[in-house]
Amino acid sequence: MSTFVSLGWSEIFAHHFEPYRQEGFSAGRITLEQKNLYMVATEPHGEIPAVVTGKLLHEALSREDLPVVGDWVVVRIADTEEPQATIHAVLPRVSKLSRQAPGKACEEQTIAANIDIAFLLMGLDGNYNLRRMERHLLQTRKNNVRPVVLLTKADVRSDVDACVCEVTAVAAGAPVHAISTLTGAGLSALSSYLQPGTTIALLGSSGVGKSTLLNHLFGNEAMRTQTVRSDDSSRGRHTTSHRQLFLLPSGAALIDTPGMRELQLWGDEEGLLDTFPEIEALSRGCRFADCQHRDEPDCAVQAALQTGELTPGRLENYQKMQRELQRLAAKTDRLEEQALKRKSKEIPKAAKALKKRPGK
């Protein structure tokens, strides 16, 4: 099997790359991104450094048009003693993991691209938080990525089976595995996901054991790890400071990502249906089609709360994320409207300036 196939190259990417191939370009996959410098896996040169061309930078409408780890890109490889590449285009993505970028600006931040499976790691220590996991499940499914929940540090508590049941109840069909890299418990179950040509991303907070798991799967210390301090509320310290793709001995590609303290949602409400299917099903039994599931009469969702069929925390998180996505939609609509107004004003100005040019 070629390195490209192991890295996830498929007929879809080959189809989009064909026009560039005819022009003499090469293809590659981004394996590392650090500021303006990239590493790209190519054939037959392997991993080589690369930079984005000025033309691509100029034509990019936003940061989303530029490469991220996992992207398949169009490159020109310089015929030098130590090969280097220039990135001319990004091939269309089949999936991605993204969030709302930190800060006040309302824009999308892509974490990684062309992902098949996301290992969503949550520690069975102080990191254990069902509501945070629901956010990760929502954002993963919304981006066409299959979620698999890994409950790490299964050696630190005795009620592991109860935790697995609790997480399974909110995972809406996603597989849930309890693992321990210290004792080896549960790790054999991961082999079914680590197939050649499959790309897997590791997601979770700092200190949940992403880099430790990567080292175990890779067979050596691919990433430096740090011990979580007992006085740090199991929050951990950042070990991974950048996103990087590794090709595992199994033939699967694994992307390690920095820990995220928070996950600001990006997208619309569509993913809520897959993440909270029981709430969506219950809502069809409400008297009013636009029921907010608060104090309306004959609300099937509130009735389920009374019987214990639905927990208050899960409904509160559903409503919280629903409001968050609605605010995001309103804000993006407002920004788009403002951009259109600016553009409509700029066109007459440009036409007027053109008329004033000498000889016109």
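Buried means under 20% relative accessible area. The model shown is predicted.

**View 1. The salt bridge between D71 and R93.** The side chains of D71 and R93 meet with N and O 2.8 Å apart. D71 sits in the loop between α3 and β4, while R93 belongs to the loop between β5 (85-90) and β6 (96-100), so the bridge ties together parts 22 residues apart in sequence. D71 counts as buried because its relative accessibility is 0%. R93, at 25%, is partly exposed.

**View 2. The salt bridge between E33 and R63.** The closest N and O atoms of this pair are 2.4 Å apart. E33 is in strand β1 (residues 26-34) and R63 in the loop between α3 (54-59) and β4 (72-77), 30 residues apart. With 15% relative accessibility, E33 is buried, whereas R63, with 37%, is partly exposed.

**View 3. Other salt bridges.** D159 pairs with R157, and their closest N and O atoms lie 2.7 Å apart. D159 is partly exposed at 33% relative accessible area, and R157 is partly exposed at 27%. Elsewhere, salt bridges link R131, E134, E278 and R314 in a network. Twelve salt bridges are found in the whole structure.

**View 4. The largest nonpolar core.** This core has 56 residues, of which W9, I87, L97, L151 and V167 touch the most other members. Leaving aside residues up to four places away in sequence, V167 touches M122, Y128, L130, V149, L151 and V176. Another core, of 20 residues, lies apart from the largest one and includes F119, L187, L217 and A252.

Key. Residues are numbered from 1 along each chain as its sequence is written. This is a predicted model: local features need pLDDT of at least 70, side-chain atom pairs count only at pLDDT 80 or more; totals for chains, interfaces and linings use all residues. Side-chain values use heavy atoms; hydrogens and water are left out. A nonpolar core is a set of buried Ala, Val, Leu, Ile, Met, Phe, Trp, Tyr and Cys residues joined through side-chain atoms within 4.5 Å. Buried means under 20% relative accessible area, exposed over 50%, partly exposed in between (1.4 Å probe, protein chains only). Contact means heavy atoms within 4.5 Å. A salt bridge is a side-chain nitrogen of Lys or Arg within 4 Å of a carboxyl oxygen of Asp or Glu. Helices (H or I, at least four residues) and strands (E, at least two) are DSSP runs, numbered from the N terminus.
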